[in-house]
Amino acid sequence: MDPKQFNTQILSLSDRLFRLAKSILRNTEAAQDAVQDLNMKLWEKRSALEEVENVPAFMLRSMRNLCLDNIRQKREEDELPVELEFTEPNPHQQVEQKDLVIRIRGMIDDLPELQRTIIRMRDVEGMELSEIAYVTSLTENAVSVNLSRARQKIRQKIIYEQKRVEEIVWKG
Amino acid sequence: MNDLLEKYFRGETSLTEEAELRHYFVSNENVSAGHEAYRALFVAFDQEQQETPDVSLPKGLQQQHKVKRFWIRAFSYSGIAAALVLALWIQRPQQEKDYAIMHGRRIDDPEYAQRYAEKKLNDVNEMLQNGLKPLRDMEALKENLRNGRKNGSVKTEITESDKNRNINN
């Protein structure tokens with residue numbers, strides 16, 4: 001793979017890779033570092049990329065694995081609890097957040113890694129279930145179940161949030 | 001729309017149906033009150049899709065770009081240099097003026113050189129005229145002698161001529 005092909009095929013996926021990494025790591029800088037790290041690793045092994053059938057799916061899978069490795073490594077170094085690693089100040093957790101869109105993004109960030117990755121690959125990136133299954137190393141059925149669970153959780157949180165706001169308005 | 005929304009939360013919608021939902025919620029600001037909260041969900045997805053990273057190129061690829069840039073610059077500078085040389089070469093005959101060397105001095109003013117040359121030619125001409133005068137006198141004398149032999153008055157004319165010369169001296 002020559003530099004031009006690499007530029008066209010690999011670097012053009014940077015946006016999607018970044019969003020996936022950010023969803024997993026929940027940190028913008030860490031996500032950018034991960035994308036750069038992956039790009040460099042793939043550049044060094046670019047000749048092997050010619051044998052890959054579905055480059056975007058392969059890249060996303062590599063990105064997810066890299067992010068999970070980063071989390072594991074960080075957890076070992078810092079002995080952080082599983083769901084506290086890399087958590088930047090979450091807009092969702094701040095008091096008096098009025099923007100529902102921001103709160104919903106926080107709700108998605110609060111989902112378990114697999115569910116938030118799946119819901120974003122589907123609803124943000126518009127990926128087929130088969131592609132998500134490849135990236136996450138799951139069956140399509142398992143992806144579908146996790147997607148449904150993720151959406152149901154978000155829905156429950158939205159309904160809960162709405163009720164809370166209504167109560168505040170009613171009391172106020 | 002409610003049925004489609006229910007289907008969505010069950011995870012049973014196709015990509016086409018999800019695109020329809022998204023279009024409905026994102027492009028429509030005045031959805032019904034019951035849909036308002038779900039609108040924020042699809043807007044959140046839409047916002048996330050706009051996010052882009054600030055990622056630089058891998059080192060190897062940067063070098064490739066540098067090498068490419070080097071050759072582009074090299075060709076550009078070579079082109080500029082060639083153009084300059086060509087321009088100077090074209091201008092050279094216009095800048096190179098005629099000149100003359102006079103007494104070891106370079107004269108660039110053509111009018112002055114011409115005047116100087118004409119004056120010198122006149123001097124030469126005058127010099128030649130003066131130098132040839134005795135010869136012309138001799139020719140005149142010979143002619144008179146020939147005429148005198150024919151008419152018998154040569155001696156008288158010579159005498160007159162000698163007299164005049166002695167007076168002048």
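These legends walk through a few views of a predicted model.

**View 1. Two helices of chain A cross each other.** Helix H3 of chain A covers residues 28–44, and helix H5 of chain A covers residues 55–78. Their axes come within 10 Å and cross at roughly 120 degrees. Angles of 65 to 115 degrees would count as roughly perpendicular and those over 145 as roughly antiparallel, so H3(A) ends up oblique to H5(A). As for its hand, the crossing of H3(A) and H5(A) is right-handed.

**View 2. Here are the residues where H3(A) and H5(A) meet.** On the H3(A) side, look for Ala34(A), Val35(A), Asp37(A), Leu38(A), Asn39(A), Lys41(A) and Leu42(A). Facing them from H5(A) are Phe58(A), Met59(A), Ser62(A), Met63(A), Leu66(A), Cys67(A) and Asn70(A). Sort this contact by class and you get nine nonpolar, three polar and two charged residues.

**View 3. Chain B is built from helices and strands.** There are six helices and two strands to spot in chain B. Start at the N terminus and the elements run α-α-α-α-β-β-α-α.

View 4. Chain B has 169 residues, and 19% of them count as buried.

Conventions. Residues are numbered from 1 along each chain as its sequence is written. Chains are lettered from A and ligands numbered from 1 in the order in which they are written. This is a predicted model: local features need pLDDT of at least 70, side-chain atom pairs count only at pLDDT 80 or more; totals for chains, interfaces and linings use all residues. Side-chain values use heavy atoms; hydrogens and water are left out. Axes are lines fitted to C-alpha atoms, for helices over the stretch in contact, and angles run from 0 to 180 degrees between N-to-C directions. Helices (H or I, at least four residues) and strands (E, at least two) are DSSP runs, numbered from the N terminus. Angles under 35 degrees count as roughly parallel, over 145 as roughly antiparallel, 65 to 115 as roughly perpendicular and the rest as oblique. A crossing is left-handed if the near helix is turned anticlockwise from the far one by less than a right angle, and right-handed if clockwise. Contact means heavy atoms within 4.5 Å. Ala, Val, Leu, Ile, Met, Phe, Trp, Tyr, Cys and Pro count as nonpolar, Asp, Glu, Lys and Arg as charged, and the others, Gly among them, as polar. Buried means under 20% relative accessible area, exposed over 50%, partly exposed in between (1.4 Å probe, protein chains only).
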